[in-house]
Amino acid sequence: MRLYLASTSPARLSLLRAAGIEPVTISPDVDEDAVAAAEAARTGAALTPHHVVELLARAKAEAVAADGAAHGIDGLVLGGDSVFVLDGVIYGKPHTVDRARERWHRQRGRTGQLYSGHWLIDHTAEQPGRGVGAVAVADVTFADDIPDAELDAYIQTGEPLFVAGAFTIDSLGAPYISRIEGDPSTVVGLSLPTLRRLVLQLGYDWPTLWNMGTSALPN
Ligand SMILES: Nc1nc2c(ncn2[C@@H]2O[C@H](COP(=O)(O)OP(=O)(O)OP(=O)(O)O)[C@@H](O)[C@H]2O)c(=O)[nH]1
């Protein structure tokens, strides 16, 4: 079974490859801010983190599936979205050094939640368009002994600017994460246990997605 990843996230691609799946990646053409704003206007209330990540994961998967014929899609289309929540406030990517510094000064020594949304669409002749979704959440606790100067050095690498919550657990940010509760792949941006359950929900066996080269096999 072919998996189509409706995401530009290198981290999501790496997670799938390490799990034995070489997806076809297709960039979703979605204005995330506009989609979230339209939903907030429709509901008349601020969106919960759970709602935001499932809404955007679905929008990305549906945007790619809508062009299914153009892409020659015959398989499962996966969209994802992640946000970080601290004290009830939803944070995406900081994008700027000042915002990343402000976030870290707030989250240092604290615990927040990383929410990842998943939407999987069956784009095969058998069940064209059937979609299922789920959200996974993991608690992330940050080290409390990071001096300002070291935080600035980390921020200057640029890594924190383009990831939800301004941190990674699998790259330069790893030394600053003291505890995770939940499956680590949720924090990276794609919960593999959650994806497996969605595949089963659509009636497929997980191993049918394996199309590993040697890249996924431990050497
Ligand atoms: N490597 C890594 N990436 C992380 C981590 N936490 C969050 N991210 C990334 O932060 C990004 C969150 O932004 P999203 O809007 O969900 O996704 P995106 O990167 O914009 O890509 P699209 O799916 O194309 O929207 C994702 O690429 C996540 O993989 C982490 O701990 N490690």
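I began with what helix H8 (residues 192–201) packs against: its buried residues touch helix H1 (10–18), strand S3 (75–86), strand S5 (111–123), strand S6 (130–142) and helix H7 (184–188). Contact here is heavy atoms within 4.5 Å, and buried is under 20% relative accessible area with a 1.4 Å probe, protein chains only. Helices are DSSP runs of H or I with at least four residues, strands are runs of E with at least two, and both are numbered from the N terminus.

I kept in mind that this is a predicted model, where local features need pLDDT of at least 70, side-chain atom pairs count only at pLDDT 80 or more, and totals for chains, interfaces and linings use all residues. Residues are numbered from 1 along each chain as its sequence is written, and side-chain values use heavy atoms, leaving out hydrogens and water.

Next I listed the buried residues of H8: Leu 192, Thr 194, Leu 195, Leu 198 and Val 199. Seen down the axis of H8, they fall within an arc of 155°, so they line one face of the helix. I took that arc from the directions running from the helix axis to the C-beta atoms. After H8 I found Gly 203, with a positive phi near 95°.

Then I turned to a helix pair. In H2, Glu 32, Val 35, Ala 36, Glu 39 and Thr 43 meet His 51, Leu 55, Leu 56, Ala 59 and Lys 60 of H3.

Val 97, Ala 100, Arg 101, Trp 104 and His 105 in H5 meet Asp 148, Leu 151, Asp 152, Tyr 154, Ile 155 and Gln 156 in H6.

Terms used
Buried means under 20% relative accessible area, exposed over 50%, partly exposed in between (1.4 Å probe, protein chains only).
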